[in-house]
Amino acid sequence: MRSVRKCSRTGCLEPAVATLTYAYSDSTAVVGPLATASEPHSYDLCEAHALGLTAPKGWEVVRHEGEFAAPEPSSDELTALAEAVREAGRSDRPTAPPPEQPEPSRTGEIRRGHLRVLPGRA
């Protein structure tokens with residue numbers, strides 16, 4: 001199984017070629033070559049997002065000089081499994097539409113999942 005890390009920007013499905021990290025104490029954003037492993041406090045970026053990154057006022061952006069090389073797909077099964085789990089958990093993936101609600105029956109009964117609402121008796 002082969003896998004390539006994707007850009008961390010919402011809605012971008014391009015392969016990552018750079019890693020963004022922050023040095024908060026220096027007010028610096030660092031865009032460098034793609035890290036060998038995905039880290040929780042860094043962001044993988046595609047080439048367009050790595051080159052177009054801007055920082056807030058007062059911050060400095062330090063970029064890798066030269067071109068960003070596309071990574072080779074990993075054939076490591078454990079890495080591929082981790083990437084598949086990460087991809088499945090992405091919040092920007094389209095979700096399935098909710099199931100249609102059934103029409104009430106003639107007796108007034110409405111089913112919702114495993115629960116039933118029955119008309120009250122006066």
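Tyr24 sits in the loop that links β1 (18–23) to β2 (28–33); strands here are DSSP runs (E, at least two residues), as helices are (H or I, at least four residues), and both are numbered from the N terminus. This is a predicted model, so local features need pLDDT of at least 70 and side-chain atom pairs count only at pLDDT 80 or more, while totals for chains, interfaces and linings use all residues. Residues are numbered from 1 along each chain as its sequence is written, and side-chain values use heavy atoms, with hydrogens and water left out.

Is Tyr24 buried or exposed? Tyr24 counts as exposed because its relative accessibility is 62%, where buried means under 20% relative accessible area, exposed means over 50%, and partly exposed is in between (1.4 Å probe, protein chains only). Together with Tyr22 and Tyr43, Tyr24 forms a nonpolar surface patch of about 360 Å² accessible area. Patches take residues with over 30% relative accessible area and no salt bridge, joining nonpolar side chains (Val, Leu, Ile, Met, Phe, Trp, Tyr) within 5 Å and like charges within 9 Å. The areas come from the Shrake-Rupley method with a 1.4 Å probe, and for residues only the protein chains shown count as cover.

Now look at Trp59, in the loop between α1 (47–52) and β4. Trp59 and Tyr24 are 35 residues apart in sequence, and their C-alpha atoms are 9.2 Å apart in space. Trp59 is partly exposed, at 26% relative accessible area.

Back to the strands on either side of Tyr24's loop. β1 and β2 make a hairpin with 4 residues between them, and Ser27 in the turn has a positive phi of about 50 degrees. The two strands pair in the antiparallel sense over 6 bridges; pairing asks for at least two DSSP bridges between strands. Leu20, for one, has Val31 in β2 as its bridge partner. β2 is also joined to β4 (residues 60–63), this time in parallel, by 4 bridges, and Val30 stands opposite Val62 there.

What about charges? The structure holds 1 salt bridge, meaning a side-chain nitrogen of Lys or Arg within 4 Å of a carboxyl oxygen of Asp or Glu. Arg5 and Asp44 are the partners, at 2.8 Å from N to O. Arg5 lies in the segment before β1 and Asp44 in strand β3, so the pair ties together parts that are 39 residues apart in sequence. Arg5 is buried at 11% relative accessible area, and Asp44 is buried at 5%.

A search of the whole structure turns up 0 disulfides, a disulfide being two cysteine sulfur atoms within 2.5 Å. Cys7 is in none, and its nearest cysteine sulfur, in Cys12, is 3.9 Å away. The sulfur of Cys12 has its closest cysteine sulfur in Cys46, at 3.8 Å, which is too far for a bond. Cys7 is buried at 0% relative accessible area, and Cys12 counts as buried at 10%.

Zooming out, the protein has 2 helices and 6 strands, in the order β-β-β-α-β-α-β-β along the sequence. Of its 122 residues, 20% are buried. As for pLDDT, the predictor's confidence in each residue from 0 to 100, the protein's mean is 75, with 54% of residues reaching 70 or more. Confidence is highest in strand β3 (residues 43–45), at 93, and lowest in strand β5 (residues 110–112), at a mean of 52.
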